[in-house]
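Please read the briefing below alongside the sequence and the 3D view. The points are grouped by topic.

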Amino acid sequence: GAVVSQHPSWVICKSGTSVKIECRSLDFQATTMFWYRQFPKQSLMLMATSNEGSKATYEQGVEKDKFLINHASLTLSTLTVTSAHPEDSSFYICSARPGSNTEAFFGQGTRLTVV
Amino acid sequence: AQSVTQPDIHITVSEGASLELRCNYSYGATPYLFWYVQSPGQGLQLLLKYFSGDTLVQGIKGFEAEFKRSQSSFNLRKPSVHWSDAAEYFCAVGDSTLTFGKGTMLLVSP
């Protein structure tokens, strides 16, 4: 199946700093990628839809100035958590689809810990 | 709005026994349905999916699921569980964006 790579796998940062997470589709192009967040022992919640060449679409309750999404190419989307706080600590997962009628492939996730 | 319900938060099954994980969904049109598995600290791995056609879907690792439109269900089954199957299982519905259930943690006892 198609491969989506997410980097880094884990990151620890200090409060107030910013962290960038990359999501790459390795063997296909994706005009749309998706960012999810998973709290401990919870399900995945869609944060935003990343659109290549245009602004991301954020779900209700997600701060767009807090979670900056850039989809600069057909194979790369980035999520930047700005001015991170401990409550931003979570597991962030991206996904991408090769086509409109295919399943989404997920990255391995990024464990963010803000101290 | 679409939604997914996984009624069981956790299930314990003896190794070698059969398994069924329940999933009920709410969706406005013909649903695209998925089952994913997640090991601790890992991403999601697709077990199987239903888009259309045969309502009994075969997946990887010996898993299967049956789409029952009348019951709005897509239950996951495996005839004989292995210890390596212990993980969290998520049912999801959607097309471009996915809505996930809260997950069912599977524990496998010796």
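How many bridges join strand β9 of chain A to β11(A), and do the two run parallel or antiparallel? Three bridges join β9 (residues 90–96) of chain A to β11(A), and the two strands run antiparallel. This is a predicted model, in which local features need pLDDT of at least 70 and side-chain atom pairs count only at pLDDT 80 or more, while totals for chains, interfaces and linings use all residues. Residues are numbered from 1 along each chain as its sequence is written, chains are lettered from A and ligands numbered from 1 in the order in which they are written, and side-chain values use heavy atoms, with hydrogens and water left out.

**Strand pairing around β11(A)**

- Strands are DSSP runs of E with at least two residues, numbered from the N terminus, and two strands pair if DSSP finds at least two bridges between them.
- β2(A) is joined to β11(A) by four bridges in a parallel arrangement, and within this region A:Ile12 has A:Thr113 as its bridge partner in β11(A).
- A:Ser90 has A:Leu112 as its bridge partner in β11(A).
- The covered face of β11(A) carries A:Thr110, A:Leu112 and A:Val114, whereas A:Arg111 and A:Thr113 are on the uncovered face.
- In a regular strand the side chains alternate between the two faces of the sheet.

**Nonpolar cores**

- A nonpolar core is a set of buried Ala, Val, Leu, Ile, Met, Phe, Trp, Tyr and Cys residues joined through side-chain atoms within 4.5 Å, where buried means under 20% relative accessible area, exposed over 50% and partly exposed in between (1.4 Å probe, protein chains only).
- The largest nonpolar core has 26 residues, and those with the most contacts inside it include B:Leu19, B:Trp35, B:Phe74 and B:Leu76.
- β10(B) gives the most to this core, with four residues.
- A second, separate core of 25 residues includes A:Cys13, A:Met47, A:Leu79 and A:Cys94.

**Salt bridges**

- Over all chains the structure holds six salt bridges, each being a side-chain nitrogen of Lys or Arg within 4 Å of a carboxyl oxygen of Asp or Glu.
- A:Lys66 forms a salt bridge with A:Asp88, with the closest N and O atoms 2.7 Å apart; because A:Lys66 lies in the loop between β6 (57–58) and β7 (67–73) and A:Asp88 in the loop between β8 (76–81) and β9 of chain A, the pair ties together parts that are 22 residues apart in sequence.
- A:Lys66 is buried at a relative accessible area of 11%, and A:Asp88 is buried at 5%.
- B:Arg22 and B:Asp8 meet through their side chains in a salt bridge (3.0 Å, N to O), in which B:Arg22 is partly exposed at 38% and B:Asp8 is buried at 18%.
- B:Lys78 and B:Asp85 form a salt bridge whose closest N and O atoms are 2.8 Å apart, and both residues are buried.
- A network of salt bridges links B:Glu64, B:Glu66 and B:Arg77.

**Backbone features**

- Most residues other than glycine have a negative phi, and most peptide bonds are trans.
- The peptide bond from A:His7 to A:Pro8 is cis, with omega near 0 degrees, and A:Pro8 is placed in the loop between β1 (4–7) and β2 (10–13) of chain A.
- B:Lys61 has a positive phi near 60 degrees and is found in the loop between β7 (56–58) and β8 (64–68) of chain B.
- B:Ser72 has a positive phi near 50 degrees and is partly exposed, with a relative accessible area of 26%.
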